[in-house]
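Dear colleague,

Please find the structure below, handed over for your own work. My notes on it follow directly after.

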Amino acid sequence: MEDLKFEVEIHIISAGEQNKSVSEVLRLIDAMDDFKISRRSDAIIAFGGGVVLDIVGLAANLFRRGVPSIRVPTTLMAQIDAGIGVKTGINYSNKKNHLGTYYAPSSVIIDRTFLRSLSDREIRNGLAEILKIALVKDAALFALLQKTADRIVDHRLQGAADFDEIFDRSIRGMLEELNPNLWEYHLERVVDYGHTFSPAIEMAALPSLLHGEAVAIDMALSLSLAFGRDLMNFEEMKGALAIFSALDLPAFHPLLQSKFLFDALEDTALHRGNLQRTPLTAGIGKCVFVNDITEGELQAAVSRLRLLFPTEQACA
């Protein structure tokens, strides 16, 4: 950087959902102020996972009412999900992403070689979001996950045409949903699958659950709800749940109690314009939205899930 005559200041942000806070955003803003960042000619370059990108994005949006930011997502979760949208967010009042804005980065640079540095658990964390896209809009992607489940983690989605296709289909599927509705004027969003109950589950379980693990638990519950409503048959549900075992994703958690889940659903409804707008799978690769889930229905879905899934796939 010195040879290119760039003046650079490195600011380190601690990863982890518990660090997505107002204080962390203000700490970064203080560093930006000390560096005397110009509103147009200087850029904030964020290297990291979803937590880092969310914090940096919000700080960049607030500072001088917006300075350029460049995202370099380094985790699978960030490369196929958090890094390619326009949302920023931090947790507040023990609620996930309770404060945030829409602020598009100047550019996003995705380099899959970063994935070689990740733990198995972090790879699986991102695979949950890939599975989300597969379940609600891409049956071919689901088939690819089934085909590669025994080696996808070890190979870090690299070195094979199947992995290239999985990666490309995941990003393309996400962008197909985001681009027409960047500012979320339409609140029925396919990409909200797995994100109805997971925000409450993730925050209540901190720091034991990663975001993708909470999403996986939500998706497993949603599959049980879909089966209970005859939106998918038993073989479809069984096949969908089998991928959780194959990818070593959790499908159950002690927090799956009907009162806790219904309270979470009511809070999510506030975020979705006072309607549940809960996406559920209609077979594999399609979804519908429902607005009338009851607490009793949640209890039945939890009981069904507890019976269907072996205890070793529960996440404590």
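Phe47 stands opposite Val72 in S2. Helices (H or I, at least four residues) and strands (E, at least two) are DSSP runs, numbered from the N terminus. This is a predicted model, in which local features need pLDDT of at least 70 and side-chain atom pairs count only at pLDDT 80 or more, whereas totals for chains, interfaces and linings use all residues. Residues are numbered from 1 along each chain as its sequence is written, and side-chain values use heavy atoms, with hydrogens and water left out.

The sheet

Three strands make up an open sheet, ordered S1-S2-S5, with parallel pairing; two strands pair if DSSP finds at least two bridges between them. S1 and strand S5 (107-108) are the edge strands, each pairing on one side only. Five bridges join S1 and S2 in the parallel sense, and two bridges join strand S2 (residues 69-73) and S5, also in the parallel sense. Ser107 in S5 is the bridge partner of Ile70.

In a regular strand the side chains alternate between the two faces of the sheet. Buried means under 20% relative accessible area, exposed over 50%, and partly exposed in between (1.4 Å probe, protein chains only).

The cores

A nonpolar core is a set of buried Ala, Val, Leu, Ile, Met, Phe, Trp, Tyr and Cys residues joined through side-chain atoms within 4.5 Å. The largest such core has 66 residues, and Leu157 and Phe244 have the most contacts inside it. Helix H8 (residues 211-228) supplies its largest share, 10 residues. Domain 1 (17-114) and domain 2 (119-309) each give at least three residues to this core; the domain bounds come from an automatic or database domain assignment. A second, separate core has 21 residues, among them Val25, Ile29, Leu53 and Ala78.

Glu177

Glu177 lies in helix H6 (residues 161-178). Glu177 counts as partly exposed because its relative accessibility is 26%. Glu177 and Lys137 are 40 residues apart in sequence, and their C-alpha atoms are 9.8 Å apart in space.

Kind regards
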